[in-house]
Amino acid sequence: MNYTTYGPNTNMMNSVREEEKEARTESVSKKKKELADIANEALNMVIDEIDVSPLESELIQKKEVLDQVNEVISKILSDTKRNLSPGDKKNVANMVMDEIFGYGPITSLLDDTSVTEIMVNGTDHIYVERKGKIERTDNTFMDVKHVYHLIDKIIAPLGRRVDESSPMVDARLPDGSRVNIIIPPLAIKGPTITIRKFAADPYTIEDLITFGTLSTDIAKLLKACVKGRVNIIVSGGTGSGKTTFLNVLSGFIPNNERIVTIEDAAELQLKQEHVVTLESRPSNIEGKGRITIRDLVVNSLRMRPDRIIVGEVRSEEALDMLQAMNTGHDGSITTIHANSPRDSLSRLETMVMMSGMELPSRAIREQISSALNLIVHVARYSDGTRKVSKITEIVGMEEDTITLQDIYLFRHDGFDERGGIIGKHIPTGIVPIFLDKIKEHGDSIPVSVFKNGESLSENSVRRRF
Ligand SMILES: Nc1ncnc2c1ncn2[C@@H]1O[C@H](COP(=O)(O)OP(=O)(O)O)[C@@H](O)[C@H]1O
Ligand SMILES: [Mg+2]
């Protein structure tokens with residue numbers, strides 16, 4: 001590996017007009033360059049000499065390497081009769097350590113929890129996003145080779161490469177952060193890295209109850225449903241909170257079950273111990289190597305799963321998911337893009353048709369109605385809040401039609417003075433038939449939960465969403 005490249009950028013000051021500012025920038029930049037040069041030299045010396053036992057823990061290794069780095073820096077300084085303040089010496093040592101153990105100039109940004117996104121545009125423009133706002137940092141790479149070195153460090157462990165023939169790569173850091181890399185000739189100004197940092201703590205059921213997304217009663221019911229292996233689909237529009245809700249629902253799966261999650265881009269963050277996370281893969285530049293969600297669903301069936309969680313069904317995998325639900329993998333959960341519970345059924349039907357199996361419509365509907373028990377529909381309301389708008393049970397078939405019954409719904413009563421939604425989650429009075437299935441698994445829900453003492457609709461208020 002080539003470590004001989006890094007340091008500050010000197011072009012930056014060209015654009016600064018004021019002389020005084022220029023002088024100051026120049027001295028800062030000169031200083032930075034000096035530190036970077038020393039770090040570079042130290043790095044090259046240490047790399048040849050690093051002497052740690054691979055059996056030692058990373059912490060001890062780091063400590064030993066740090067001692068070696070400090071020694072080498074002192075030697076370089078005394079050899080060249082230079083002096084550095086203790087602070088600068090520490091900075092140089094950190095630069096070397098970040099290069100060896102971290103991700104070079106962006107290591108500190110990755111460690112900074114207030115940073116949600118990191119954007120590297122070429123060598124000297126590194127931006128971060130904090131609280132939704134983008135700001136430029138003064139971190140820099142020495143040259144393009146240094147940026148490529150970092151890119152290599154990110155994607156090499158994944159067996160990926162980036163070059164002119166495949167100039168775009170999606171990757172992931174070990175902590176789950178998603179990385180996109182695009183290089184010239186597509187990115188004209190130089191190699192460009194975009195890192196979406198992994199959300200440290202996703203919403204919990206308590207958060208969602210506080211936000212008014214659902215009521216405590218609904219939470220209890222859904223918890224019992226998940227434990228009781230009810231087959232659930234979360235439906236809703238784009239950004240309505242489907243994935244977030246799926247994550248929360250998955251949190252109810254008991255810890256002793258083997259869970260396989262399947263997604264296009266792994267977003268789910270399950271707390272359970274026994275989780276296998278699978279991610280689909282797009283085809284490469286030659287159009288080969290594509291692994292679809294469907295391939296993964298089929299494969300997951302051979303992995304002895306207790307639960308299969310599919311991030312979102314969009315296509316032919318719908319058939320395999322339904323079959324899995326019908327053949328002993330009940331308690332599986334997924335999401336679907338749909339405008340209503342009824343709409344999600346017709347979309348499912350269309351998706352099953354995409355699978356290439358020549359099934360008559362009625363057979364598909366029968367599959368759907370016997371596989372699925374419950375649809376949780378989430379929606380984004382006009383005030384920006386996300387709510388469970390309906391909980392609908394799939395009852396069975398009547399002639400050629402799947403019969404549905406709403407168990408819970410959100411009754412929209414009006415708006416407060418700031419345009420906020422006023423309303424309430426209420427039971428419709430119908431006792432779901434899957435209640436028996438839940439009982440088998442030990443959770444009993446009192447029938448009184450479904451008793452409705454209120455009117456279902458507030459007709460005096462025009463529905464504005
Ligand atoms: N119940 C909720 N209350 C408030 N914000 C939410 C809720 N659910 C999701 N969000 C936010 O909405 C955005 C979209 O959520 P996501 O679950 O990805 O939606 P979808 O999967 O439907 O596209 C995210 O920024 C997420 O943090
Ligand atoms: Mg989603």
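Student: Which residues of H5 are buried?

Tutor: This is a predicted model: local features need pLDDT of at least 70, side-chain atom pairs count only at pLDDT 80 or more, and totals for chains, interfaces and linings use all residues. Residues are numbered from 1 along each chain as its sequence is written, and chains are lettered from A and ligands numbered from 1 in the order in which they are written. A residue is buried if 20 or more other C-beta atoms lie within 10 Å of its own, exposed if 12 or fewer, and partly exposed in between, with C-beta atoms placed from the backbone. In H5, the buried residues are His-146, Val-147, His-149, Leu-150, Ile-151 and Ile-154.

Student: Which strands do the buried residues of H5 pack against?

Tutor: Helices (H or I, at least four residues) and strands (E, at least two) are DSSP runs, numbered from the N terminus. Two residues are in contact if their C-beta atoms, placed from the backbone, lie within 7 Å. The buried residues of H5 pack against S1 (115-121), S4 (168-172), S5 (178-182) and S6 (192-196).

Student: In what order do the six strands of the open sheet lie?

Tutor: Two strands pair if DSSP finds at least two bridges between them. The pairing in this open sheet is antiparallel, and the order is S3-S2-S1-S6-S5-S4.

Student: Which are the edge strands?

Tutor: An edge strand here pairs on one side only. The two are S3 (133-136) and S4.

Student: How many bridges join S4 to S5?

Tutor: These strands run antiparallel. Asp-170 stands opposite Asn-180 in S5. Their hairpin has five residues between the strands, and there Gly-176 takes a positive phi near 100°. The number of bridges from S4 to S5 is five.

Student: What is the bridge partner of Arg-178 in S6?

Tutor: S5 and S6 run antiparallel, joined by five bridges. In S6, the partner of Arg-178 is Arg-196.

Student: Which residue stands opposite Val-128 in S3?

Tutor: S2 (residues 125-130) and S3 pair in the antiparallel sense over four bridges. Opposite Val-128 stands Glu-135.

Student: How many residues of H10 are buried?

Tutor: H10 (residues 317-326) is mostly covered. What covers its buried residues includes H9 (293-300), S10 (307-310), S11 (333-337), H11 (341-354) and H12 (361-371). After H10 comes Gly-328, with a positive phi near 90°. Of the 10 residues in H10, the number buried is eight.

Student: Which element gives the largest share of the shell around ligand 1?

Tutor: The shell includes Leu-208, Phe-211, Lys-242, Thr-243, Thr-244 and Arg-386. Two elements give two or more residues: H6 (205-211) and H8 (242-250). The largest share, three residues, comes from H8.

Student: What percentage of the protein chain is buried?

Tutor: The chain has 13 helices and 15 strands. Its C-alpha trace spans about 90 × 55 × 40 Å along the principal axes. Of its 465 residues, the buried share is 32%.

Conventions. Near = placed C-beta within 6 Å.
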